[in-house]
Number of protein chains: 2
Amino acid sequence: MPDFLIEHTPSAYKYPLLIKHLLHAPMTQSADQEIVYRDLSRYTYRDLRERIGRLASGLTSKGVRRGDVVGVLDWDSHRYLECYFAIPMLGATLQTVNIRLSPEQVLFTLNHARPKLLLVNVEFLPLIEQLQGQLESVEGIILMSDDGVFPNRPVKTVGQYEEMLANSSPDFTFEDFDENTRATMFYTTGTTGAPKGVYFSHRQLVLHTLIDLVGFGSPAQQGRFHREDVYMPITPMFHVHGWGLPYAATAAGVKQVYPGRYQPELLLNLIKTEGVTFSHCVPTILQMLLSAPNGGDVDLSGLKMVIGGAALTKALAKAAMQRGIDIFAGYGMSESGPILTIAQLREHELTGNLDEEVELRTKTGTPVPLVDFRIVDAEMKDVAHDGRTPGEIVVRAPWLTMGYLNNPASSEKLWEGGYLHTGDIGTMTAHGVVQITDRIKDVIKTGGEWISSIELEDILLQMPGLSEAAIIGVADAKWGERPLAILVARRAGSIDDASVQKHVKTYADKGVISRFAIPDRIMFVEALDKTSVGKIDKKVLRTKYGDG
Amino acid sequence: MPDFLIEHTPSAYKYPLLIKHLLHAPMTQSADQEIVYRDLSRYTYRDLRERIGRLASGLTSKGVRRGDVVGVLDWDSHRYLECYFAIPMLGATLQTVNIRLSPEQVLFTLNHARPKLLLVNVEFLPLIEQLQGQLESVEGIILMSDDGVFPNRPVKTVGQYEEMLANSSPDFTFEDFDENTRATMFYTTGTTGAPKGVYFSHRQLVLHTLIDLVGFGSPAQQGRFHREDVYMPITPMFHVHGWGLPYAATAAGVKQVYPGRYQPELLLNLIKTEGVTFSHCVPTILQMLLSAPNGGDVDLSGLKMVIGGAALTKALAKAAMQRGIDIFAGYGMSESGPILTIAQLREHELTGNLDEEVELRTKTGTPVPLVDFRIVDAEMKDVAHDGRTPGEIVVRAPWLTMGYLNNPASSEKLWEGGYLHTGDIGTMTAHGVVQITDRIKDVIKTGGEWISSIELEDILLQMPGLSEAAIIGVADAKWGERPLAILVARRAGSIDDASVQKHVKTYADKGVISRFAIPDRIMFVEALDKTSVGKIDKKVLRTKYGDG
């Protein structure tokens, strides 16, 4: 019904939400602001803008056109930042290639995304050399090198990055196009099946950038990002756009530091010498930073750090706080682009009491604006926001992937019922504080209640006689599903089913867990199957002892 | 070329940017937060959400449908906030009626916007009574009253606001629709011609809300709005959506205070008793607050105030700072929805030196993100960003009016060349700091240079012998235009043309003003023509002494 829509006078500029528009504010206000690469180089936003133009001109001269895919294999660098802008701005799609995957998986993602051109850091030349005979779409490779040294490898290159920029015009005209044009893509690897491609449009990235700035900008004090911060990512730029923060930092015009490959001593040194005040990483990287040899000398008290990708444990948060870091959790995933929640404290919660604060800083957080964040039962009805009732987290937001690339079945499953299914189980308080308790595939749905296998395992492991415990769901005609407890006793035969049930019942009596959690199916085994990295392999347990 | 666009799996939610989506975050996190109306009532966000549903149900029962216009005549109230959401959310257009206009102008705007229904505070019943015989579109009037008293007037009402809400269901289903649906409209009154209608879509208001939160949220310290502020508008809600801040404050879930009709003592009392920390107004209101009898007792040291609508003078800013107010300027206009720039200081600029800070706080400000803010010459070429070279301010942003309602000629003039013409003349520094120097209609374009009539008048008035001075542009075959100085001497005949020229030349020699500004056409008159409010009437001067 077009008569309800606003009228546009013919000369009016309709303003599509394109990534190029993020550059207006920084180029007006921060043209002299610095962007630093390791301890190797530094330049200004004015240089960044010029190099974005040169990169677009250069890629065009190599045959890149609107709609083409260009893959990048690099550590976190100023070059990557240039690619974040130039490739989408010319209408192509930036594929951020996850170089931590196995060669077979990298090959799969490249042949699935079908990039025309690859920009490759020389460190990954051995990988490309190994794969190049099987690359189906790649017409050329452009090499990037920190030191200007290019190893002589039998790889068909069509140019070198810096040389290409030097020979290309900075005056590339970035045309307008539809804001729903694909800007980026990358692959997510679940525990099963082939990697799945997610993709994001210009509109989605611009909105995600604004929400990053709103979400991290709006707390009164704790966990805030502002225009005078110094930003450094320690989440790889190939991983969900470095959580979107390189775009946000650029739009805010702050000083930025790109650390290349993560080396604890260099990271700590950059924090110190460049005055980094805002960063983000996964828990293992934080652990690595805190335990770096000689790292204890570096004053981290001005540093704000968002932790995501995995749960921030209380012990790690406490250790970070004791080093003076303003530490807090965030939550999102590849499919969500990623930001969904941030765990920022309110003024009255900043008590200075370490344990109280750690409790709140390690929560999953509260949803950022525009996120329609629901916790639902199996019928997609909202559960109570009482901080206790678990349900699946399903979301809508303007920046979520609209499917998996060329994978209609998985796409529809992801968006079943019109909400993106995170696969996470969580609770929410009356004040919107979310806590993830489990992955939905590890939850036992029994008698209308959801039992967290993680919680039940924790309770079982508090029996002194047990050394290992795993819970899997097994089909049950009456209850739908029942927990099967697979246990390892410290001394064979020292524990019986009744004592296990009695132990869990004491927790149920205290209201810690539902009475439905008391296992009626219990089995003792000599050892639990493990994955190659030593985690309990529930997939194998399900095959051996469960229904499948 | 649709193959470049992202694919949407059929079940994916495409997420139109609709005003209803601004409510997700506050309803999740701030349901118990307060919204206060004068010293009369208070309720929670939960109540707000329920009343938005009731209002939509009630208006629907009165025949309001998608595409209809609903006009509101009220002071700043919780009811107005409810209308900001409910009316657009049901797909209708909210017309915020400027009740400060003359009755003839109000009539013009109502017959031009063609509202189906009016929501009218009983204080405006006399006005409606006067106009109702000539209202062409209005089918019914719903009365609003603070005290439940409804004067017996011969006005055809179809209901009372609170009664309608009480009798309507809170469970209204707000359907999705196109984000380009018109959400609001109001009229801007220039110095000439009939009021012109501007209009804004859901998409535009959502983006403006995010940018308000980014712009006011991102400074390190000075002039920032955050989630624990207490917000009170002192810019009328009928005026450019109260600068958009009621939407931003609601999306942020902060405590809000609506002051009704502006009464200095009540305003100061609300600031004190409700703990208001963030507000905004025009200079005259700030002046009124600062000079209120007994107002000196109220501690204003926690208050942040954005000043817009007219230039913030240094004297006024200084007086506000001396009362402890964190005062700073913003810039925008009805056509721009309004936000374009904010004058926030950087950390190193917060010297505590009153005069230095006042200098910066009274600037026009730096552009907020996404604004393509240009200062251009007559050929639409960018002028130098040197803080000296003036040009017209033209802008693009995703929240500007796309034209004037049913006024194609003015719409095209507004958007000539694809940029919205602000009609303001300004300069910009290398760091993006804008300073407006004049209105374009008062600028003299001579010999390729732009001379600010305001600056030249200021210089002339520093001649002790002159009591009044006005500069108008007159056509010139050689120079395009030349300044004509119309002067009033304190003592007739005491000053001659040569001494005037000599005076201006000393300023030109110092580089304060261009040599082209030295007037060669000078006339002395007995008095300058004035408007009814005592301002020099250049329109009359142009007719009497100029070309037109």
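Begin by selecting B:Pro338, which sits in the loop between β14 (326–332) and β15 (339–342) of chain B; here helices (H or I, at least four residues) and strands (E, at least two) are DSSP runs, numbered from the N terminus. The peptide bond that leads from B:Gly337 into B:Pro338 is cis, with omega near 0 degrees. Now move to chain A and select A:Pro338, found in the loop between β14 (326–332) and β15 (339–342) of that chain, where the bond from A:Gly337 to A:Pro338 is cis, again with omega near 0 degrees.

Before going on, note that this is a predicted model, in which local features need pLDDT of at least 70 and side-chain atom pairs count only at pLDDT 80 or more, while totals for chains, interfaces and linings use all residues. Residues are numbered from 1 along each chain as its sequence is written, chains are lettered from A and ligands numbered from 1 in the order in which they are written, and side-chain values use heavy atoms, with hydrogens and water left out.

Next, select B:Gln222, in the loop between α7 and β10 of chain B. Is B:Gln222 buried or exposed? With a relative accessible area of 2%, B:Gln222 is buried, where buried means under 20% relative accessible area, exposed over 50%, and partly exposed in between (1.4 Å probe, protein chains only). Show the side chain of B:Gln222 together with that of B:Asp326, and you will find the two joined by a polar contact of 2.6 Å. A polar contact is a pair of N or O atoms within 3.5 Å; within protein, one must be able to donate a hydrogen and the other to accept it, and residues adjacent in sequence count only if both atoms are side-chain atoms. A polar atom of the B:Gln222 side chain also lies 2.7 Å from the backbone nitrogen of B:Leu345. If you widen the selection to residues in contact (heavy atoms within 4.5 Å), leaving aside neighbours within four places in sequence, the partners of B:Gln222 include B:Phe328, B:Leu350 and B:Arg361.

B:Trp243 lies in the loop between β10 (230–233) and α8 (245–252) of chain B, and its phi is near 60 degrees, a positive value in a residue other than glycine; B:Trp243 is buried, at a relative accessible area of 12%. In chain A, select A:Asn406, in the loop between β18 (391–396) and α13 (408–414), which has a positive phi of about 50 degrees although it is not a glycine. A:Asn406 is exposed, with a relative accessible area of 55%.

Staying in chain A, pick A:Thr188 in strand β8 (residues 182–188), a residue that counts as buried at 14% relative accessibility. Not counting residues up to four places away in sequence, A:Thr188 touches several others, among them A:Pro195, A:Ser334 and A:Tyr404.

Now display both chains and look at where they meet. The contact takes 73 residues from chain B and 74 residues from chain A. About 6,600 Å² is buried between the two chains, with carbon and sulfur atoms giving 57% of that area; buried area is the accessible area (1.4 Å probe) that two parts lose on being put together, summed over both. How many salt bridges does the rule find across the interface of chain B and chain A? There are two, a salt bridge being a side-chain nitrogen of Lys or Arg within 4 Å of a carboxyl oxygen of Asp or Glu. To see one of these, select B:Glu179 and A:Arg203, whose side chains meet in a salt bridge at 2.7 Å, N to O. On the side of chain B that touches chain A, the largest share, 10 residues, comes from α7(B).

For a last stop, select B:Ile454 in helix α14 (residues 453–460) of chain B, which is partly exposed, with a relative accessible area of 38%. Leaving aside its neighbours within four places in sequence, B:Ile454 is in contact with B:Thr437 and B:Asp438.
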